[in-house]
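I opened this notebook to record what I looked up in one structure, chain by chain and contact by contact. The entries follow the order in which I asked.

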Amino acid sequence: MLSQKSVVFSVSQRQMMPDSVCIRMTITVEDIRHIASLARLGANDESVEQYAEQLNRIMCLIEQMNQIDTSCVEPMAHPQDMTLRFRDDEVVESDQRKVHLALAPETGSGLYLVPQVIEQDA
Amino acid sequence: MTRWEPVIGLEVHVQLNSSSKIFSGAATAYGSEPNAQACPVSIALPGVLPVMNREAARLAVLFGLGINAQINRRSVFERKNYFYPDLPKGYQISQYEHPVVGRGSISIETGTGRKLVGITRAHLEEDAGKLLHEHLDSLSGVDLNRAGIPLLEIVSEPDMRSAREAVAYLKKLHVLIRYLGISDGNMQEGSFRCDANVSVRPMGEYQLGTRTEIKNVNSFRFVEKAINHEISRQIDLIEYGGKVVQETRLYDSDRDETRSMRSKEEANDYRYFPDPDLPEMVLDESFIESVRQTLPELPDGRARRFAREMGLSETDAEKLAADRDTADYLEAVCKQTRATAKTVANWINGELAAALNERNIGIGSSPVDPFRLAALLDRIEDGTITGKIAKEVFACLLESDASADDVIQTRGLQQITDLSKIEQVVDDVLAVCPQQIEQYRQGNLKIIGFLVGQVMKQTNGKANPRKVTEILKNRLD
Amino acid sequence: MHERSLHEHAEALRKGEYTCTELTHHFLDRIRKHSDLNALITLTEELALEQAIRADERLARNEAEPLTGIPLVHKDLFCTRGVLTTCGSRILENFVSPYDATVVRQLNQAGMVTLGKTNMDEFAMGSSNENSYFGPVANPWDRKRVPGGSSGGSAAVVAARLAPVATGTDTGGSIRQPAAFCGLTGIKPSYGRISRFGMIAFASSLDQGGVLANTAHDAAAVLASMSGFDERDSTSLSNTVPDYLAILQKPLRGMKAGLPKEFFSAGVDPDIQKAIEEAVKVLEHLGVRVVEINLPNCNASIPCYYVLAPAEASSNLARFDGVRYGYRTTNYTDLSDMYETTRTEGFGAEVKRRIMIGTYVLSSGYFDAYYVKAQKLRRLIAQDYLQAFEQCDIIVGPTTPTTAFHIGEKSDDPVKMYLNDIFTSSVNLAGLPGLSVPAGFDRNGLPIGLQIIGKYLDESSLLNVGHQFQQHTDWHAHIPRDLT
């Protein structure tokens with residue numbers, strides 16, 4: 001699990017400037033390993049340290065969101081409040097597997113091939 | 001000794017029978033060449049986008065109306081993020097916080113009466129592809145034909161208290177989805193898949209025990225066995241001082257046991273968030289109303305009507321109403337014939353069912369349509385033929401397109417209506433059966449059955465057995 | 001020949017002054033001659049000459065549309081059938097798209113000629129074009145400086161007159177900022193105006209295609225052909241596209257321009273501040289009334305943007321797993337290792353950083369604090385604009401806080417780099433159209449951009465103001481010294 005320690009940031013006059021004093025120890029090396037594994041990115045010891053340093057700086061910038069009260073605001077998922085449009089239930093795609101399989105690094109018997117999957121829950 | 005109460009909830013994935021996939025125009029047919037139905041959206045080429053299939057939404061709403069559930073006017077597609085080779089985008093599009101179908105219920109028959117099982121929700125999502133391991137040395141193969149087929153995931157409340165109840169619920173759900181025509185429900189082909197959440201608690205305890213999830217048990221029989229096995233495993237575990245661990249387990253039908261898969265709760269964090277490629281799904285009243293118009297009469301109501309209007313027994317009514325084609329057939333025959341519904345039901349469950357079974361076809365493609373069967377039953381009713389002859393005629397109907405009347409005419413199967421003809425045969429029979437006459441007169445009245453049989457044999461079944469008995473009695477008494 | 005505008009080329013082609021094939025050869029030669037800019041990833045010479053022949057045939061038959069025979073380049077995240085489409089990434093270094101993006105198809109149908117695919121920040125993540133697997137792009141005005149990003153290659157091509165026009169995409173400023181850095185006119189239309197089908201996604205709720213050109217007039221012509229409804233994009237709008245060219249000539253008298261106090265803060269380079277003030281005077285001279293407005297929550301647009309964009313990106317980029325297309329590492333032991341090594345080797349540092357941030361802000365326990373919070377802020381920012389537009393028709397201000405910086409100057413400091421988007425990203429969050437037009441040069445002779453923001457779907461006013469401004473200024477007509 002990720003840990004959240006003290007989050008302290010100061011409000012500087014220029015809100016957006018990166019120089020604002022920001023003392024926070026939010027993201028630990030263990031957190032980085034966890035995130036990297038969720039994102040399927042490799043992280044050796046050196047890169048873990050580097051990620052931690054950079055992400056903490058970026059999160060400092062992001063924490064500035066907290067200066068604005070949003071308690072009565074609806075979240076906005078799309079830039080304009082659109083609604084879903086439907087498609088008719090028609091088959092319009094033809095068999096293109098030759099073209100598609102040709103793009104893949106490894107194929108056989110019409111299948112995309114990957115290192116053996118040990119059956120486990122996804 | 002503690003008595004334990006099992007608590008079971010089921011999650012059922014139903015493949016909706018649309019022609020094209022939920023977010024693309026690729027075909028959904030089962031059994032085509034690997035990846036032949038894997039369009040650019042199915043293989044998640046860079047740059048492609050999902051566009052929602054109206055039919056998938058319609059079928060989900062139809063299900064919701066069928067279980068009297070709340071239909072949510074606004075629902076949201078989200079992304080469930082995880083990596084797996086059968087999941088081409090690295091996320092599954094599914095509904096999470098705002099499903100299209102809200103609370104509803106299904107009534108089931110238990111050993112001790114009716115019971116309502118709550119439906120928590122039903123939501124739309126896309127199916128994943130398939131992994132193949134056979135004949136591939138140290139490799140797995142990915143077939144994405146199934147990726148993107150629309151699924152309705154139906155989640156029940158933990159309302160079931162035994163494996164039998166769970167199966168009763170599943171069967172009821174299976175009947176319902178086929179009735180509604182939202183899926184073919186083919187379990188072998190994976191159109192109807194079930195995960196079971198099982199826990200146990202001391203009888204009388206309110207608090208739920210720790211549950212395990214049994215994945216992908218794909219026949220009614222195995223569901224029952226898997227759940228029963230899991231219940232006893234959990235009870236044994238607790239009674240010997242152990243603790244049930246929340247995990248996913250796989251049922252092995254060969255060994256009749258469940259075994260642990262990787263414990264997933266720690267490792268996975270699906271990071272759901274609204275899919276920015278798909279705006280909110282808003283269903284207006286007119287859409288929902290138009291779906292409601294197509295809602296057929298459902299099995300429970302239909303069975304009640306059969307019992308009430310047709311005088312069928314509850315068992316017969318339920319059995320016949322459970323399959324939409326059978327119920328339609330029954331009603332069509334009854335409309336055409338003067339025979340009672342009970343007679344029609346007996347024919348459907350007897351001769352017709354046997355014939356269909358032998359040919360391995362459904363009643364929808366029966367070689368004898370309701371009109372021809374009705375005409376046949378009318379001939380029994382008006383005394384033209386006997387029940388026994390009717391079976392012979394029916395066999396002819398199965399083999400040709402002729403009408404019952406044609407068969408009766410050309411084969412000369414009408415009952416003998418001329419009484420003197422029957423009397424002649426009776427006399428002939430009595431002449432050669434002095435022993436039986438003697439027995440009858442000594443009080444063995446049952447022997448008359450043998451004599452009737454002899455007369456029927458001589459007339460090739462065309463005499464009315466009641467008349468024959470009458471004449472025999474007259475002669476003997 | 002290359003100094004002519006798109007319109008002059010169209011005119012010349014119709015009159016038969018030169019053929020499209022000749023024009024195409026001319027630009028192909030120029031691209032080869034100035035390959036040191038590193039503005040293109042792929043040169044599509046064969047395709048271009050084929051399209052040129054067809055364009056010449058159409059011209060000969062008098063069946064030409066306004067854009068027939070005009071050469072252009074596409075940002076390398078638009079899928080082009082049979083042509084390498086890399087997104088500036090190693091993970092797609094070998095990806096030949098089997099289909100055309102809707103935008104590409106539309107412009108092909110209009111008869112335009114594709115010269116090549118332009119260099120860009122990997123997956124459009126960046127403001128300097130230094131994040132490309134194929135190396136940085138030089139700014140034609142000063143080759144030691146960046147052209148801006150992420151559509152940096154497109155900007156360099158048009159600024160160096162290697163093509164009259166280029167497509168680009170803008171998620172937080174990726175058209176307008178490079179347009180400003182390279183002295184160009186760049187427009188990002190309203191979200192939903194241009195189909196995103198076949199445009200490789202960075203942040204789906206913010207991405208929008210657009211144009212980089214030398215003038216508002218040229219941009220209007222190409223934008224018209226790119227816009228419109230596409231049934232393959234669920235966020236595409238069915239609203240009719242107005243005749244942008246017809247509106248250009250409309251007088252500006254009576255129009256009201258809002259100046260957001262927040263865009264004229266102490267962080268802006270004084271030369272830019274001065275140039276924008278001068279530009280506003282030009283607008284006033286043209287009859288535009290200027291009012292001061294407030295966009296109080298736009299201060300939070302950078303943190304808000306750097307939650308939402310990486311969150312969406314972390315999910316959008318999950319499909320790059322070495323299974324169905326693109327790069328797969330040769331060095332792995334099992335499936336999990338194949339995924340990790342492929343992605344670690346296939347993505348550059350900035351892309352990985354954003355995937356990490358995005359994964360973090362969506363992860364269990366942090367979702368509400370970051371992702372939902374940012375979505376709420378997004379609504380406040382959109383509402384700021386709605387309120388502001390009750391008082392004015394357009395909003396004007398600087399496109400960027402600084403002019404083009406040196407290659408390497410900010411590349412070690414992601415946070416500093418992110419602040420480049422300070423005036424542009426709120427426009428994407430609100431889904432509004434934005435335009436950048438040249439408005440002067442700084443003390444080092446580097447171009448300055450004036451940003452004009454419009455109401456939802458009101459691209460017309462932006463192009464109208466841009467064109468009228470360019471009728472009374474000549475900043476857009478300057479060409480980098482050694483490239484004439």
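What percentage of the residues of chain A count as buried? I found that 45% of the 122 residues of chain A are buried, where buried means under 20% relative accessible area, exposed over 50% and partly exposed in between (1.4 Å probe, protein chains only).

Before going on I noted that this is a predicted model, in which local features need pLDDT of at least 70, side-chain atom pairs count only at pLDDT 80 or more, and totals for chains, interfaces and linings use all residues. Residues are numbered from 1 along each chain as its sequence is written, chains are lettered from A and ligands numbered from 1 in the order in which they are written, and side-chain values use heavy atoms, with hydrogens and water left out.

I read three helices and five strands in chain A, in the sequence pattern β-β-α-α-β-α-β-β; helices (H or I, at least four residues) and strands (E, at least two) are DSSP runs numbered from the N terminus. Of the contacts in chain A with a separation of 6 or more, 42% join residues 24 or more positions apart, contact meaning heavy atoms within 4.5 Å.

**Chain A with chain B.** I next took the contact of these two chains, to which chain A brings 36 residues and chain B 60 residues. About 4,200 Å² is buried between chain A and chain B, 60% of it on carbon and sulfur atoms; buried area is the accessible area (1.4 Å probe) that two parts lose on being put together, summed over both. Two salt bridges cross this interface, a salt bridge being a side-chain nitrogen of Lys or Arg within 4 Å of a carboxyl oxygen of Asp or Glu. One of them joins A:R97 to B:E33, with 3.4 Å between the closest N and O atoms. On the side of chain A that touches chain B, β3 (86-87), α3 (97-101) and β5 (111-115) each supply at least two residues, and β5(A) gives the most, with five residues. I also looked at strand pairing, which requires at least two DSSP bridges between two strands: β3(A) and β2 (residues 52-53) of chain B pair in the parallel sense over two bridges, and A:R87 stands opposite B:N53.

**Chain C with chain A.** Here 73 residues of chain C are in contact with 58 residues of chain A, and about 5,800 Å² is buried between the two chains, 69% of it on carbon and sulfur atoms. C:M356, C:Y360 and C:R379 supply 13% of the area that chain C buries against chain A, more than any other three residues. The rule finds two salt bridges across this interface, including that of C:D413 with A:R57 at 2.4 Å, N to O. Several helices of chain C supply at least two residues to the side that touches chain A, among them α12 (349-362) and α13 (367-388), and α13(C) gives the most, with twelve residues.

**One residue of chain B.** Is B:T386 buried or exposed? B:T386 counts as buried because its relative accessible area is 10%. I located B:T386 in the loop between α10 (370-381) and α11 (387-399) of chain B. Not counting residues up to four places away in sequence, B:T386 touches B:Q415, B:G461, B:A463 and B:P465. A polar atom of the B:T386 side chain lies 3.2 Å from the backbone nitrogen of B:I389.

Notes:
Polar contact = N/O pair within 3.5 Å; in protein donor to acceptor, adjacent residues only side chain to side chain.
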